[in-house]
Amino acid sequence: MTTAPVVRAVNLVKIYQSGRGLPVPAVRGVDLAVEPGEFVAIMGPSGSGKSTLVHLLGGLDTRTSGEIWLDGKRADTLSESGWAVLRRQKIGFVFQFFNLVSNMTVADNVELPALLGGASPRHARERREYLLGELGLTDRAAAAPAQLSGGEQQRVALARALANQPRLLLADEPTGNLDSRNTRDVLKLLSRVHRQGQTIVLVTHDARVAGLADRVVCLLDGEIVDDGAVTTRRRRPGGTAGDVVELRG
Amino acid sequence: MRQSLLALLAKEPAHGYELKQALEAIFGSAYPSPNIGQIYVTLGRLEKDGYVRSVGVEQSNRPNKKVYYITAAGREALLTWVEEPTEGPRVRDEFFMKLVLAPMTGLSDRMALINRQRRHYLGLIRDLDELAERTDPGNRVALLLIEGAMLHLQADLDWLERCQEELP
Ligand SMILES: Nc1ncnc2c1ncn2[C@@H]1O[C@H](COP(=O)(O)OP(=O)(O)O)[C@@H](O)[C@H]1O
Ligand SMILES: [Mg+2]
């Protein structure tokens with residue numbers, strides 16, 4: 001028996017209208033299938049359609065044409081509320097601008113999706129404690145989002161996205177606002193959940209984030225121009241910094 | 001390697017093998033370890049230039065080993081090196097040459113070149129990640145060297161993206 005891709009797009013198209021009513025083709029005929037456990041990095045210049053693509057995959061925006069399949073089920077033909085249910089069950093999102101609920105504590109923000117997804121309060125709390133611990137945020141659990149730095153808020157957003165152990169993690173430049181130390185915590189958690197089998201589709205410009213992925217998809221002007229495995233080391237036993245930086249002296 | 005050997009000798013006299021070990025201990029596995037032959041060749045040149053001197057130390061059952069000392073002229077040369085501004089990063093332009101010239105010859109198209117190079121950079125990043133994981137967390141020097149290499153690769157990737165946007 002073969003398992004269906006976690007997410008699949010078939011000839012996916014999104015055309016926006018500009019302010020003056022002109023068509024803006026943002027995604028132009030994308031075919032993409034992501035298998036269970038895969039970590040796919042989406043790269044490409046600004047304006048190439050990366051955000052639009054992940055929004056479409058998660059049902060946060062409606063396609064112009066084409067198909068979207070989640071876990072073997074056709075999703076793009078669902079009603080808005082049908083999509084919302086599916087999304088809550090199967091997808092965790094992290095955006096460039098973390099949207100946390102401002103009048104709830106960090107702990108409640110992270111527990112909410114698990115509770116909405118039907119987890120027991122105890123299970124939701126344990127999962128929250130684990131995730132906040134992994135991200136170095138245990139002592140911020142009682143804080144309100146506004147009391148946190150941007151980096152901390154982004155890590156909370158990641159914890160929230162993972163709270164439900166979603167079938168698919170979608171992320172749009174999740175380290176875009178983080179300094180290198182905060183980025184390192186996010187990287188560690190991403191690589192750990194990936195090793196545990198989490199399927200991830202993530203937009204990034206960050207080389208370190210992309211380096212964790214199994215596969216890179218590169219967009220240009222709304223089309224996929226490259227899709228393939230990250231080349232691992234050739235014959236050498238292991239890379240050194242000397243492959244990149246030549247020290248002189 | 002001249003200056004790094006002089007710097008180590010300015011700290012204390014040492015023989016060739018000790019210098020090799022000291023470089024390995026400082027930079028860790030992040031940097032390709034120097035070959036002992038190269039170290040002796042460099043020491044020989046430094047000696048000829050009057051920057052170091054050596055004395056033989058007797059060893060029972062083994063050939064004498066040479067211990068190297070830095071001279072006053074050596075200290076002077078080291079100081080000059082430390083105080084002069086260091087050249088900025090070298091842009092490795094071999095790929096850029098390929099990118100600009102190869103399509104003119106009809107040998108390759110730019111998209112294919114850029115895609116291959118991007119995957120190569122990401123593979124290097126992956127190697128560096130693994131290296132960082134294997135590196136002793138207490139070795140700040142080695143970890144900073146790895147981080148520096150990653151930042152260079154980030155710049156290379158960004159440049160690649162600009163090339164993809166701008167070149168037809
Ligand atoms: N809501 C929108 N209305 C009109 N145009 C949009 C909208 N969102 C995105 N676009 C346009 O679609 C294209 C792709 O945008 P986007 O997916 O945000 O690219 P990326 O994330 O790769 O930077 C751009 O030309 C952008 O201006
Ligand atoms: Mg975007």
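In the predicted model, C218(A) counts as buried, at 1% relative accessibility. The cysteine sulfur closest to that of C218(A) belongs to C163(B), and the 13 Å between them is too far for a bond. C163(B) is likewise in no disulfide, its nearest cysteine sulfur being that of C218(A). C163(B) is buried, with a relative accessible area of 7%. A disulfide requires two cysteine sulfur atoms within 2.5 Å, and by this rule the count over all chains comes to 0.

Strand pairing was examined in chain A. Strand β1, residues 7-17, pairs with strand β4, residues 65-70, in the antiparallel sense, and 5 bridges connect the two. Within this pairing, A9(A) has I68(A) of β4(A) as its bridge partner. Strand β4(A) is also joined to strand β5, residues 73-74 of chain A, by 2 bridges, and these strands run antiparallel. Here W69(A) stands opposite R74(A) of β5(A). Together, β4(A) and β5(A) form a hairpin in which 2 residues lie between the strands. D71(A), located in the turn, has a positive phi of about 50°. In a regular strand, side chains alternate between the two faces of the sheet.

Positive phi values also occur in loops of chain A. Q165(A) is not a glycine, yet its phi is positive, at about 45°. This residue is found in the loop that connects α5 (150-162) to β7 (168-172). With a relative accessible area of 48%, Q165(A) is partly exposed, since a residue counts as exposed over 50%. D221(A), also not a glycine, has a positive phi of about 50°. D221(A) is found in the loop between β9 (215-220) and β10 (223-229) of chain A. At 51% relative accessibility, D221(A) counts as exposed.

On the side of α1(B), the contact involves S4(B), L5(B), L8(B) and L9(B). These residues meet L19(B), A22(B), L23(B) and I26(B) in α2(B). The residues of this contact divide into 7 nonpolar and 1 polar, with no charged residue.

Terms used
Residues are numbered from 1 along each chain as its sequence is written. Chains are lettered from A and ligands numbered from 1 in the order in which they are written. This is a predicted model: local features need pLDDT of at least 70, side-chain atom pairs count only at pLDDT 80 or more; totals for chains, interfaces and linings use all residues. Side-chain values use heavy atoms; hydrogens and water are left out. Helices (H or I, at least four residues) and strands (E, at least two) are DSSP runs, numbered from the N terminus. Buried means under 20% relative accessible area, exposed over 50%, partly exposed in between (1.4 Å probe, protein chains only). Two strands pair if DSSP finds at least two bridges between them. Contact means heavy atoms within 4.5 Å. Ala, Val, Leu, Ile, Met, Phe, Trp, Tyr, Cys and Pro count as nonpolar, Asp, Glu, Lys and Arg as charged, and the others, Gly among them, as polar.
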